[in-house]
Amino acid sequence: MQSCQLSVDWQHHSISYEEPTLGDSPYGSLWPLPQKVKISTVVFKLSGASFHIFDAKESSSGASCRLLQNAYRRYDEYIFTSSRKQGQNKSKKALASDMSELQVWITSADSECDSYPSVTSDESYKLSVDSPVAVLKAPKVWGALRGRGHGFYSTHCLYSDEEKSINRTDIHDFPRFAHRGLLLDTSRHFLPIKVILANLEAMAWNKFNVFHWHIVDDPSFPYLSRTFPQLSQHGAYHPYTHVYTPSDVKMIIEFARLRGIRVVPEFDTPGHTQSWGKGQKDLLTPCYSGASPSGSFGPVNPMLNTTYDFMSMFFKEVNTVFPDAYVHLGGDEVDFSCWKSNPDIQKFMEQQGFGMDYSKLESFYIQRLLDIITTTNKGYMIWQEVFDNGVKLKSDTVVHVWMGNKVEEELQKVTEAGFTTILSAPWYLDYISYGQDWQKFYRAEPLSFKGTDAQKKLVIGGEACLWGEYVDATNLTPRLWPRASAVGERLWSDRDVRDLNDAYSRLAKHRCRMVQRGIPAEPLFTGYCAHE
Amino acid sequence: MEEKTISNSRRCYKQWLWFMVLFMSFSVIYVDAVWPMPQMISSSMARYTLNPREFIFQYSSGSSAQPGCSLLDSAFERYFPLIFTDYRAARPRQHDEWFRFPFTVVVHVERAECEGYPDADSSESYKLSVCSGQAALRAETVWGALRGLESFSQLVYQDDFGEYFVNETKIEDFPRFQFRGILLDTSRHYLPLHAILKTLDAMSYNKFNVFHWHIVDDPSFPYQSSTFPDLSSKGAFHPSTHVYTQIDVKRVIAHARLRGIRVLAEFDSPGHTQSWGKGQPGLLTPCYKGTVPSGTFGPVNPANSSSYQFMTRLFKEVTSVFPDSYVHLGGDEVDFTCWKSNPDVRGFMLKMGFGTDYTKLESYYMENMVNITKGLNKTAIVWQDVFDYHEKIPVDTVLHIWKGSPGQIQQELSSITLAGYRVILAAPWYINHIDYGQDWEKYYTIQPLNFTGTEQQKKLVIGGEVCMWGEYVDATNLSPRLWPRASAAGERLWSDERMTSSVIDAFPRLVDFRCRLLRRGIQAEPLFVGHCRHEYQGI
């Protein structure tokens, strides 16, 4: 009755429950794999009682850097919580010697401790684990965050669960792509704050650095706007229990910053805006049935000046609430049928000389919106349709490629036009299927399209998307992890890191580590974790 | 169960607007609230306000179950907070406390088996009438009373201000199929006890009544046997943290019993036994490479009489630990290559006159196994493979269908029932196979009796089972993957098929029901875009 008879692709990868150690990776549980790593067989003992993380004397960031101090505490807890709970470490093996401290050395004059991470943030670091002191060197705090996440409690798992030990290790690491994002959709289902925070934490463990917050959409408008409180008052599933208040948003942004994660909000228009219409009269286009309004509404009404006044005020607020240099403006999947039905729109089309080409109307709207955003000094990201429709874009625009067909062609076109781009098409994690689909996400290669080196450089990263049609707090976390981890390694590690056996071995351990730290990451296949 | 015994019922009848449930799916939300759909339900717009401080459960004076009936007493304790979800602090008032106008749920049970276990022939029918400021619940057995309490708890709803209401309602209900199971696989991944107990809770909300515990298999042997402790100490993922002790097993059985759920243990052999071999040397067939043992092992060695002695002792223990009168022997997916490679097995084949037909060897093994269980006064359930090989198996053996295309399944149903065997259908409900979108519809629209056969044959289909195999499932994702997808099968197995044929009608009811599951702490995933008043607050 088992599913062995059905196609299960694990069988092709020499991974089986009979020999769980088969194909054990020399890199233990390191995930994502560092760019350069040397692990020696010399093992040091980490003792919870005497081990401490310090700022190096030469470091440009000291005790006043809340970001690092906060991180020290967090990681100290991760490394030692279980052993301290279990009581004394038993010394079973003869270990070379103890390693008693980790020095964190921020090498550049400006540690960026109090700033927000950005797409140009330096995340590189060097970690050298030696007795009696391990040194983590990074130009900026962002690299230090990545380094600690890695070298440390990744490596200790190489040897033993009961005893925290660490191999002599040298790591020199930096991300392959600058933009490593995760999209969560809080409109189709409301996600309680707790769930968002927990997943930001898991993102940090997987070295993701952008939380793309698809905060509103057709079904609900949970963002509580100070300027237009009626938007969530009428557009959220519930005006009090299913909204994100300004302080919620602030908390999420700071929580993310402390983990080196940017928060890029998406306010998608002119389509995907049904919920906006509930709180903002006349914003949406009234659809017509024959000669009279049908009572239903379509995309944002692009012909009214009031629309642009509203957007201008609204994005002024967004600009102050979200510190990131970019805002995502959406612009995808605009349905023209409602615009076509509306006689006023028809007239407007005529006046503007658009003929019957409604994509011109869409572009007209987007263009004016972009002009508004430009005045707020924000950069913008947009879904690929906006580019495809030939809208004039600022040179620093990020084009977000999501459509599954002709991905390589699209990347080629976008980069040929000189725009930076991020890729999501292969990483729609809401699409689930039976078996080990993490391998599919892992295999995807963002730079396999034809193009010059200059073009390839314009691909600044990718995003895993977990759209919310079938996902809420009940199933989000196990559905996301460790499947998103596969994307995490693809975006961080070297292009040549593609061995599925090695990845399986490391990822299975990495997922157990996530489980132990309280993230219910689902299993890759038959097997077990020490802590279920 | 006469209607006149329901107090004041005649007066209420006049107020009721009778209509078939079939036509009222969108009409009034509270009527739709019971999942799975009762066989007969009607209700009026008249409603009562319920106050947790003035609400009691009571045994009717003529009931054979009275205070002290452990099974129902604990059910009352359980259902009080399920009914009054915000009312966490208090326990139900004691029956002798004085109230001015308490809303009373009067329970009448004909036969009190308060200390017994539910079994294959236990009646689960009940009648429930909410009227004249009280609810009357009548059932033949305590198991029926449990089902009725569940239905009552689902009739209660809260308005936006937190007030509780129940509408005048009349229900007559009984299950369409006697066997409504859920299989959990604790071998491919170990499921902590709390995950199993939580599943049993959710099963009772869905009126499932059999927990099929696929407790051991190739990857691990977590059952801690008192007769053969090496089986788990060597065969479990971990000998102390990843095992089910005798106390654990007793807890599961007790938890299930209180919810009217049978625990059907499966010890699958002769295949799917890799983990057994670690703690029981000599049990499995050594595979050969040419003329020498290769070091790997195949199915249980059917040529050794010691294998049967071992099995007799193990099943003697199993059948005393698990009170159910059925035991699942497995018998699926036996790979013959190892048997073929082994010279001793080949010699045995020759001796027995089996030629080169290894299905005969398998039959021989299964026949012995069925006889062992028969000797222990238990009835065997086996996977369909055993029937497919035309073995001589006792006619009371139950066949379990797990594979095939829809056409093949119909064919299998026809031929097994034609041969006079009872059958359980699991093939359409392999719920571990996930898919994007609303796949609950697929599970909902299965027609278990849609095969060629006489009325008599159809009666031999005793039920169905939802299987959650464990390759990709452990405690991290079990609940949201199981619920509410299994609920779809739950309604198919309990309710009348004609009344519940439309997924469009079922959708809003199931949406409500999943929010109710959430409210009760069951991590049930959403069907589609939308929200629940109280979202899941975990991660």
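I began with a rule: a polar contact is a pair of N or O atoms within 3.5 Å, where within protein one must be able to donate a hydrogen and the other to accept it, and residues adjacent in sequence count only if both atoms are side-chain atoms. I also noted that this is a predicted model, where local features need pLDDT of at least 70 and side-chain atom pairs count only at pLDDT 80 or more, while totals for chains, interfaces and linings use all residues. Residues are numbered from 1 along each chain as its sequence is written, chains are lettered from A and ligands numbered from 1 in the order in which they are written, and side-chain values use heavy atoms, with hydrogens and water left out.

**Entry: B:E333**

I looked up B:E333 and found that its side chain makes a polar contact with the side chain of B:H272, at 2.8 Å. UniProt, in an unreviewed entry, puts the feature "active site" at B:E333; such positions are given in the numbering used here, feature names are shortened, and annotations may be inferred rather than shown by experiment. I located B:E333 in the loop between β13 (326-330) and α9 (337-341) of chain B. Helices (H or I, at least four residues) and strands (E, at least two) are DSSP runs, numbered from the N terminus.

Is B:E333 buried or exposed? B:E333 has 18% relative accessibility, so I count it as buried (under 20% relative accessible area; exposed is over 50%, partly exposed in between, with a 1.4 Å probe and protein chains only).

**Entry: aromatic pairs**

I counted 79 aromatic pairs over all chains. Rings of Phe, Tyr and Trp (its six-membered ring) pair if their centres lie within 6.5 Å; planes under 30 degrees apart count as stacked, over 60 as edge-to-face and the rest as tilted.

One of the pairs is A:W31 with A:Y442: the ring centres are 6.0 Å apart and the planes at 35°, so I logged it as tilted. A:W31 lies in the segment before β1 (36-46) of chain A and A:Y442 in helix α13 (residues 438-443), so this pair ties together parts 411 residues apart in sequence. Both A:W31 and A:Y442 are buried.

**Entry: charges over rings**

Here NZ of Lys or CZ of Arg must be within 6 Å of the ring centre and within 35 degrees of the ring normal. I found the charged end of A:K456 over the ring of A:F449, 5.1 Å from its centre. In chain B, the charged end of B:R520 sits over the ring of B:Y205, 4.5 Å from the ring centre.
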